[in-house]
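This report covers nonpolar packing and aromatic pairing in a predicted model. It starts from one residue and its surroundings.

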Amino acid sequence: MHLSFSPLQILALCHLTGSALATFREFGIPPSNATVSIKRFNVANFTAVNDLHTFVTPILPGHASAIFPLYSYLVEHGTGESRRRLMFDLPVGIRKDVLNFAPAVKVLFTSGDLTGNVSKDITEQLQDGGIELQSIESVIWSHSHFDHIGDMSKWPNSTSLVIGSETDTSTYPQNVNASLRDSDFAGHNVTKINFSTATLTFSGLQAIDYFDDGSVYLVNTPGHLPGHLTALARVTPTSFILLGGDTFHHAGEARPRPAFQQAFPCPAHLLEEARSGQSISTDFFWSPKSSLRSFDIPSRAQQLLSISDLPDRFTADPVEAQVSLEKIATFDADPDIFVLISHDLSIVGSLPYFPQSLDAWKENGWKEETVWNFVDKANPAFVFSPV
């Protein structure tokens, strides 16, 4: 059979092909051969009891509670004597000394809203793995919520702290509502990243070149909390990992979207599972080509979940947070960038942990293998049908 196309159709096909083959360069990210290595830790898992609604909506019957893994990332720049090490986020899990939290945080545990345990915090895990705390140049907080700041009193004074300039640094007891304590800053040099001085912008996001060599960019992603930032790390000259902090909490807040589906089509078995009515409920979710008890994923043009805007939400500014998420979603759809958030339950057992690195994610096809986990009814992150 002979197929012919009009000039307009050919142009459209070329446009689609070009989009499918888009690279990081389209974001304006400068080329560089400087890279870093990324290794992840799962410090703990905690359960938000009847509190998933404070993070996402809608909440289907039976999904009021949710498990949140707490990831921390070791970033290594260079090798040998010239190696420089950073930590991105320091989850504390459920601290052994929970009563020493500031009252605004302690109440989350004493009320039973958060449950869980941690056998070893990040400082202990690093040292068990042969990483001396003195070798960590800086700790970067994506933001100052308790589950991202760790216990800085356990770190040597030589380790500095990097935060967004809009971060609220008030401490308890001077501020009775503060979630931070004086010990979170005592003895540490604190660097505030001021994005108003940024000369780089990627997908509408202000970025600052941390090492001045294109290996790590700190990116301004406000909304979840004032001062929230993320890190775009170059792990090969042409591939990146975006450490997304709390720009979203569940993969369903970012996916699916048309550009994402074009670059990463949903696996056939998950498409069939949804169409056969075995997974995503059409009583709660819909798309143009869906029918009763048969959900069609490819025709869904918007993400399945939304950032919670309820009064008891954990997000400071849901509107601003949604704008940041829309911009991060452009990275999520790019084949050169792997977006990893701090609490993604869907990948808890799907990617390697320290001492293995995540650097070869693209070569190993880990993004293709994991980004649709969240719609698999067998995955612990699945929340799209009533229980």
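## Surroundings of Phe384

Leaving aside residues up to four places away in sequence, phenylalanine 384 touches Leu60, His63, His250, Gly252, Ser279, Ile280, Ser281, Phe285, Leu304, Leu305, Phe374 and Val375. With a relative accessible area of 0%, phenylalanine 384 is buried.

## Nonpolar cores

The largest nonpolar core has 85 residues, and the members that touch the most others are Trp155, Ile280, Trp372 and Phe384.

## Aromatic pairs

There are 19 aromatic pairs in the structure. In one of them, the ring centres of phenylalanine 55 and phenylalanine 314 are 4.8 Å apart and the planes lie at 5°, so this pair is stacked. The two residues are 259 residues apart: phenylalanine 55 sits in the loop between strand 1 (36–48) and strand 2 (56–57), and phenylalanine 314 in the loop between strand 16 (306–307) and helix 7 (318–332). Phenylalanine 55 counts as buried because its relative accessibility is 8%, under the 20% cut-off. Phenylalanine 314, at 23%, counts as partly exposed.

Phenylalanine 374 and phenylalanine 384 form an edge-to-face pair, with 6.0 Å from centre to centre and 75° between the planes. Both residues lie in the segment after helix 9 (366–370), 10 residues apart. Phenylalanine 374 counts as buried, at 0% relative accessibility.

## Aromatic cluster

Phe374 and Phe384 also belong to one aromatic cluster, together with Phe260, Phe264, Phe285, Trp372 and Phe382.

Notes
Residues numbered from 1 in each chain as written. Predicted model: local features only at pLDDT ≥ 70, side-chain atom pairs only at ≥ 80, totals over all residues. Heavy atoms only, no water. Core = buried A, V, L, I, M, F, W, Y, C linked by side-chain atoms within 4.5 Å. Buried < 20%, exposed > 50% of the residue type's maximum accessible area, 1.4 Å probe, protein only. Contact = heavy atoms within 4.5 Å. Phe/Tyr/Trp six-rings, centres within 6.5 Å; stacked < 30°, edge-to-face > 60°. Helix = DSSP H or I, 4+ residues; strand = E, 2+ residues; numbered from the N terminus.
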